[in-house]
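Hello,

Here is the structure I promised to pass on.

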Amino acid sequence: MTLDLHRLALDAIDAAVDELHLDDGIRASLHHPERTLTVQVPYVADDGTLRVVPGYRVAHSTARGPAKGGTRFHLDVTPEEVAGLATLMSVKTALMNLPLGGGKGGVTIDPKQLSDAELESLTRSYTRAIAANIGPDTDVPAPDVNTTPRHMDWIADEYGRITGTTTPAVVTGKSLAAGGSLGRDTATAAGCRTVVLAAAKRLGFPADARVVIQGFGNAGAHLARMLDADGLRVVAVSDSQGAIHDPRGLNLAAVTETKETRGSVIHHDAEVIGPEELLTLDCEILVPAALEGAIDTGTAERLRAGLIAEAANGPCTAEADAVLRERGVTVVPDVLASAGGVTVSCFEWQQNLRGERWSAQDVSARLDARMNAALEDLWRVAEQRHLPLRAAANVLGVARIAEALEARTGQPAELAS
Ligand code: NAD
């Protein structure tokens, strides 16, 4: 993790608190997580030895509902990173107007060095270590970097064994068989698609606007196919091996097949271009869906898109963001453009609590409605307060959390949101 995420999150909170003229009690409440748990995670290695690594679970805010956020297995996981990510989750769930707060968890380990048996032992041990602090009404983990539905199924099972209950709502991102939601695997892309279409319409782009997508993984590949089906022209995509370009619009079915069979999009029959050229191509819409910090000041000065939708987390550096603002490029921030995943996670939690199973169409319609409502709210606040969308997103999220905090403490809630 190159960025100081916790610092960034606190700066975002401070700017929003200042903009809203909130008092220092609210600032302090948002600066400090409600609960920070540091645990020892012992697991049994295949050679029979016991190993121990550190783990964390942070509930940043439960003012609006149970804490919600992913579980990261990575060597770079630190308590500060987990706290920063939990803070950003509080803003994200509030911006999306979900009945949830913000949380995050992680274990400092390289899971790629573990066998399946070791991974299961680690995940179950982590669950036991945090079990007293998680639950459908308190804190609901989900997948994040290096964790998948399989890990979530283990967490649900272990939690059930500990509590002697069947409680699928304790965790989201589970497999369908274990109570996962339809539409979860494509949720991030579907949410991003909705905001891209709505923002493009607001900006008056043509129906066949040109789209460039960096990253052809879970978020980028699904999104490319969806926007192509919507009639937009996806003219360039990239993965870690390189980028391809076709100004007439790529054949996404063929690109997908090439990626699946030959490992990279660069083997598709199209012009191969450099990674920097991809970001500065002539197009209306640019979607960074791969890396943190992918757009720096140099790229920000040269890119030609009028709209950037941040499907990835933190793809624009703070300095690049300032350049884009100066140049009048509209940036739909990650806190909204990548919020499809947490929104369908919320739907999964609601289905589990009610014992329901929603159809794919139902999930999709509800997701569309949420994303459109959030974009409309955001655009309104940005216009009213003359703020870029990123700052407006933080203001809106913080205002909603502060309102909930003030309602609970009996203070007047005179916040513009
Ligand atoms: P992924 O691992 O499935 O895909 C990442 C893609 O980026 C791959 O195609 C990879 O080849 C490509 N890539 C890596 N390095 C690259 C480079 N230098 N240039 C171009 N492409 C490169 O990951 P994902 O799940 O699609 O996530 C992508 C981003 O979206 C991340 O920032 C993630 O945090 C964010 N995000 C994902 C989800 C989700 O549900 N998948 C939710 C919220 C946010």
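**A buried lysine**

K174 is buried, with a relative accessible area of 5% (buried means under 20% relative accessible area, exposed over 50% and partly exposed in between, with a 1.4 Å probe and protein chains only). Before going further, please note that this is a predicted model, in which local features need pLDDT of at least 70, side-chain atom pairs count only at pLDDT 80 or more, and totals for chains, interfaces and linings use all residues. Residues are numbered from 1 along each chain as its sequence is written, and side-chain values use heavy atoms, with hydrogens and water left out.

K174 sits in the loop between α5 (149-163) and α6 (187-202); helices (H or I, at least four residues) and strands (E, at least two) are DSSP runs numbered from the N terminus. The side chain of K174 has a polar atom 2.6 Å from the backbone oxygen of V171, and a polar contact of 2.7 Å joins it to the side chain of N352. By polar contact I mean a pair of N or O atoms within 3.5 Å; within protein, one must be able to donate a hydrogen and the other to accept it, and residues adjacent in sequence count only if both atoms are side-chain atoms.

**Around the ligand**

There are 17 residues around the ligand, and T188, N218, A219, S240 and N313 come nearest (a residue is near if one of its heavy atoms lies within 4 Å). This shell divides into 7 nonpolar, 9 polar and 1 charged, where Ala, Val, Leu, Ile, Met, Phe, Trp, Tyr, Cys and Pro count as nonpolar, Asp, Glu, Lys and Arg as charged, and the others, Gly among them, as polar.

One lies 2.7 Å from a polar backbone atom of A219, and a backbone N or O atom of F216 is 3.0 Å from a ligand oxygen. For N313, a side-chain N or O atom is 2.8 Å from an oxygen atom of the ligand. The elements that give two or more residues to the shell are α7 (218-229) and β7 (233-239).

**Helix α15**

A392 is found in helix α15 and counts as buried, at 0% relative accessibility.

Enjoy looking around!

Best wishes
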